[in-house]
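Here is a short report on one protein model. It moves from domains to a helix pair and then to salt bridges.

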Amino acid sequence: MGHPLFPVFLDLADRRVLVIGGGAVARRKIETLEEAGAVVEVIARALEPGLAGWAAAGRIRHLGTEFAPEQLEGAWLVIAATDDGDLNRRVHAEASQRRIFVNVVDEAPLCSFQSPARVQRGRLQIAISSGGAAPMLARHLRERLERELDDSLGALAELIEEHREPIRRRLPDTQVRRRFFESLLAGEVPGLLRRGDRPAAVAALHALIDGADRRQSGRVALVGAGPGDAGLLTLRGLRLLSQADVILHDGLVSAEVLALARRDAERIAVAKEAGCHHATQEQIHALMLAHARAGRFVVRLKGGDPFVFGRGGEEIAFLRSHGIDYEVVPGITAALGCAAYAGIPLTHREHSQSVRFVTAHAREEGGELDWACFARPKQTLVFYMGLKGLARVRDKLVAHGRPGTTPAAIVEHGTRSEQRVIVGTLDTLPALARQHALRSPSLLIVGEVAALASELHWFGAAPIGNATDLAQAA
Ligand code: SAH
């Protein structure tokens, strides 16, 4: 396996390119070279009719019938498209010796550059390469893009090129300019060009430019990243991540989700774990404010859902009090993600008619929990918590009358490839958690439904333990 190729687009205008071969393949290459403005010289024993015509008209020069290494002098690129293997190898060797990039058509080992599959819309080009590994795959992608990309993109590229300088002058700040181009592309201009109404497109573009320097203040989006599996992110969350200038993310946000964000967005990790203390929360507020006031689009990316034990409410209250625009994008909260990926239905016609999301940090967050209420049967309890609280939760529930034999499960790293599920009962679970050295983040699910994981699990490793075999606990 070689390295991936280094991608470039070459400016070949008025540069000499040597082509060896005069058949249909050579002709296709020469067409593309001519389009790029290259000065094409050909060495071939025979020229196919099209090429012969071009040579006669002086569009290309037919240097001769036999390849001689001196002909390489002064060439920027060489392409060999002959069916003579020895000749191809010679061309490759002589060109390489002179440090001239060479392509022997369809002979990857004899190429120091490759020509990609490409999709072209005017000046806009998309080049696709598999580095010679799977040319069919590159061609397949090319066909898909051909179907998907509208013809008017060329006109769009041209329109933008014409207005680049005025836009740069009016919007000197790069972030502001980038947002301008985003709204240009998401707005009506591309559609107007698609319909062929260039005057209307130009007018709409001018209106946008006039409006853009008035919209300079930043804003913040609180986005729920879900519990880990990037597939659980919402489409809106994904879109905002691809637009963000700055991303302030929790420790709970998975690397997989972060990888979906705009590449050059500034990423700032703001808290290691849930339940961050006040200093940190204040720093988060200050960061959001500073970046938004600098005109940036800030995505505050939080594990799970921003409004479930995420202090999202405090964050938007702070933004509101400082006059910063905000929006909230919900996420799949850990309870929903972990239950689904562990095969534990949170409600069940026979076993559970309600479900509660409980924080085991209630005391820190203002108030003791209503344990008597939690101890009632036929309900599912989901505890967001550090594992250290586990024995205390068990003691409280049992003391208030929930049987020690009530099934319970812990889901560690839910929805992620390393997910582990441990099934037991209120009585057995703390020992099982210790024995298997469970770590954060972990979620506790208490109720008859927890036992169903043994039967209904489908994701990752099968659950450890079960809710009936009490002997196992000891
Ligand atoms: N806003 C988040 C919760 C933050 S509180 C949400 O809606 O999910 C942090 C707690 O969430 C962790 O201590 C853990 O109990 C739980 N948690 C978050 N992600 C988890 C995951 N992938 N697996 C198990 N528990 C998780």
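## Basis

This is a predicted model: local features need pLDDT of at least 70, side-chain atom pairs count only at pLDDT 80 or more, and totals for chains, interfaces and linings use all residues. Residues are numbered from 1 along each chain as its sequence is written, and side-chain values use heavy atoms, leaving out hydrogens and water.

## Domains

The protein chain is assigned domain 1 (16–115), domain 2 (152–212), domain 3 (219–332) and domain 4 (335–473). Such bounds come from an automatic or database domain assignment. The centres of domain 1 and domain 2, taken over C-alpha atoms, lie 41 Å apart.

## Helix α1 against α2

Helix α1 spans residues 24–35 and helix α2 residues 49–57. Helices here are DSSP runs (H or I, at least four residues), numbered from the N terminus. The two pack at an angle of about 40 degrees, with axes 9 Å apart. Axes are lines fitted to C-alpha atoms over the stretch in contact, and angles run from 0 to 180 degrees between N-to-C directions. α1 is therefore oblique to α2 (under 35 degrees is roughly parallel, over 145 roughly antiparallel, 65 to 115 roughly perpendicular, the rest oblique).

From α1, the contact (heavy atoms within 4.5 Å) uses A26, R27, I30, E31 and E34. From α2 come G50, L51 and W54.

## Salt bridges

The count is 33 salt bridges, each a side-chain nitrogen of Lys or Arg within 4 Å of a carboxyl oxygen of Asp or Glu. R178 and E182 form a salt bridge at 2.7 Å, N to O. Both lie in helix α6 (residues 174–186), 4 residues apart, about one turn of the helix.
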